[in-house]
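Please study the sequence and the model before reading each solution.

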Amino acid sequence: MITLLLLLISWAVLAYHGFSLLAITRVTLLVLVVGTLLGEVSPACWLVFAVLATLLNLPPLRAASLSRPLFSAYRKLMPEMSSTERDAIEAGTTWWEAELFRGKPDWQTLHHYPRPQLSEAEQAFMDGPVEEVCRMTNDWEVTHERADLSPEVWDYLKKHGFFAMIIEKQYGGLAFSAYAQSRVLQKLCSTSSVLASTVGVPNSLGPGELLQAYGTREQKEHYLPRLARGEEIPCFALTGPEAGSDAGAIPDVGIVCMGDWQGEQVLGMRLTWDKRYITLAPVATVLGLAFKLQDPEGWLGDETDLGITCALIPVATPGVKIGRRHFPLNVPFQNGPTQGRDLFVPIDFIIGGRQMAGQGWRMLMECLSVGRGITLPSTGTAGTRVSALASGAYSRIRRQFRLPIGRMEGIEAPLARLGGNAYLSDAASMLTMTGIDLGEKPSVVSAIVKYHLTDRSQRSIIDAMDIHGGKGICMGPNNYLARGYQGAPIAITVEGANILTRSMIIYGQGAIRCHPYVLAEMLSVQEPDAGKALAQFDRAVFGHIGFAIGNLVRSLWFGFTGARFSQTPVRDETAPYYRQMNRLSANLSLLSDVAMASLGGELKRRERLSARLGDVLSQLYLVSATLKRFNDEGRPAEIVPLVHWACQDGLYRAQIALVELLDNFPAPMLGKVLKVLLMPWGTPFKRPSDKLDHRVARALQTPGPARECIGAGLYLAAEEGNPLGMLEQAFVDVLAAEPVFDKITQTLGRRSFTQLDRLAAEALNAGIIDPEEAVLLERAEVGRLRTIKVDDFDPRELVANKALFNDAMLNRNT
């Protein structure tokens, strides 16, 4: 019994720490020696040990005797991987998310990633051109009067390189970091989402990025300087009526053939396409186009169907149809359809030249793994931050029942969600930009932040609208929320619809790319050499078995102990969050292996199960980003409520996903058993408490570090045309006026915090306050009324067709 106990304890400890099979064999040998000395180990036990140790530790023998039958069974279970699936899975790189998936996150690695910072040139751009273009842009004019940016703003964007942030300096670009691009977009978005979208798309998934990565020298030298100078406006046409999120199913085609081009017979392509949802298409001068290339006559080789290909088509090319516009939810950024039919262009129009024919899907997936992590997550984060900052100020200014509405518990709940989500979203954006600037192309992370930061932004704007009430729903020049509320579904829909991203992409890519062994197992099936395939599978499958056992032991231990003894990089009040993420990481890895083992290839069709596993991975990433940011900022005490709220909310959401996964597991008894093993004392995480909600809500309504970190880098200039800046100034003035108001009421008696200008005059005449205090009260009253009042219009201003309005008025009068 002593020997058996020693063996079990030794194996558990070694599995917990992830020791190799050889190390486990050696420790087993030592324990058996001890057992032999105690008289507990028989010769038969030594024989069994010798056979197993030899079999397991000699790869050729192990492969021949154990792995071969496993490999045969695996090949039958594993569905064949298409080329598009393989390109999507292999696109990009894995980064911090892989650590979270493996059951043992290395927190020191996270903390050692550099803190993102702007260079001197990037900061100068933020303080100069970005500030100036925000000052030039009036969102009401853009969205209601022009349905476009003004000509002056368009010219300014081109002249100052806003479309060249991604382009290298040798071609005249700015070569900004991903972090700088994100901060630029967030500041622009705090002024106008149309402005941010217009700048974001050319610097995200578009011809510029594809050209730099894959273009020929001639293509780069021709197009990149022109794009950098704003002489060319690019768009990229991928989606169409028949292929939205399923972009791989595009029906648009190109046929390789000889044709006439500028009076000469050249090898080229005859293209037919029908695209929609193409941002900047109505104003573009060069069209990036994705289509399926066919070569029936074999001009480029033996293959007939070459696959998805990307080409650059000048819009001035005869036959290119472009120019009409879509109208996406009253947020009129330039977006529209484009068509072409039997249009002939030279083969050299393919991005990268003819050698890149058929490589378009891989090109798009690799570029999307970066671009999808920048533009939409940045604008989503900006929307959440604006909602939080504005709602905190409004809740402090707006009064009902003689007190600021932010003091009411019903308002505190959405305010807390706004504050916590703003801090978390910005943290996740920062961590993602860090990875991209380190050279990563984090395809899984980009999907996580695209989905979750746009989703939280939409929910945040709903909370903000609930708090603002009538102020929020009445459109006008002084409404800083309504366009964001209208446009929130746009970000949810584009660059991979959120439903698709959650249910298929995050875990579909994450489980394969982040797992240390699954991709190797899958690729072994594709290996044509039988010997290499078996050897590859053998290494992967036995590593996988050890990995699964280790996570089983870790999960059981963490569940039984509540992860109290798990290692953490800090010893302060955030340490429990690291411990619980160690626990959830082990749970995620274990349940992934259980799901893959029990469902096999069927798992990718069980979208609700994979979505919940993806939710756990996502929340781990978001919470770890929050803790990374807190650590980077020096762990300031004033920010602690925001950190607590974000971490507790994330862990609670991860727990909900785990419980729903186990409650709906395809094998119900297995799900129940796993639930007891992983959570033996019940569900450990709770949503943020009312007390914590109160602390976060107060922080949003009080000048200090919490509001400063949420508002940092947004455009808050107090000037006409920038209602967010005017609100912030009113907030400052009202808070400064409150002590003066209190001094007056001590003499004149209790008053409502209204008509402060009249109260100032009365108090000044009575000698209670001085002239400066009277001016402060008057200014506060102007800002207070501006904050709570809403815009109204002459009826003619609200009718698009003035002729119809005039006819209606004439009929009414007669």
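**Exercise 1.** What volume does the second largest pocket have?

*Solution.* The model is a predicted one, in which local features need pLDDT of at least 70, side-chain atom pairs count only at pLDDT 80 or more, and totals for chains, interfaces and linings use all residues. Residues are numbered from 1 along each chain as its sequence is written, and side-chain values use heavy atoms, with hydrogens and water left out.

Step 1. A pocket is an open set of points on a 1 Å grid over the protein atoms alone where a 1.4 Å probe fits, with protein on both sides within 12 Å along at least five of seven lines; lining residues have an atom within 4 Å of a point. A volume is the space filled by probe spheres set on the points.

Step 2. For the second largest pocket, the volume is about 1100 Å³. Its lining has 39 residues, and the closest to the centre are F19, S20, L21, I24 and G546.

Step 3. Two or more lining residues come from each of α1 (2–17), α2 (21–37), α3 (43–57) and α23 (530–561); helices are DSSP runs of H or I with at least four residues, numbered from the N terminus. The most are given by α23, namely eleven.

**Exercise 2.** Determine how R217 and E221 are paired and placed.

*Solution.* Step 1. R217 and E221 form a salt bridge, with the closest N and O atoms 3.5 Å apart; the term requires a side-chain nitrogen of Lys or Arg within 4 Å of a carboxyl oxygen of Asp or Glu.

Step 1. Because the two residues are four apart in helix α14 (residues 217–229), about one helical turn separates R217 and E221.

Step 2. R217 is exposed at 54% relative accessibility, while E221 is partly exposed at 46%. Buried means under 20% relative accessible area, exposed over 50%, and partly exposed in between, with a 1.4 Å probe and protein chains only.

**Exercise 3.** Which parts of the chain does the salt bridge of R635 and D572 tie together?

*Solution.* Step 1. The side chains of R635 and D572 meet at 2.8 Å, N to O.

Step 1. R635 lies in the loop between α25 (607–632) and α26 (640–663), and D572 in the loop between α23 and α24 (575–599), so the pair ties together parts 63 residues apart in sequence.

Step 2. R635 is partly exposed at 21% relative accessibility, and D572 is partly exposed at 30%.

**Exercise 4.** Are D632 and K628 buried or exposed?

*Solution.* Step 1. D632 and K628 form a salt bridge of 3.2 Å, N to O.

Step 1. Both residues are buried.
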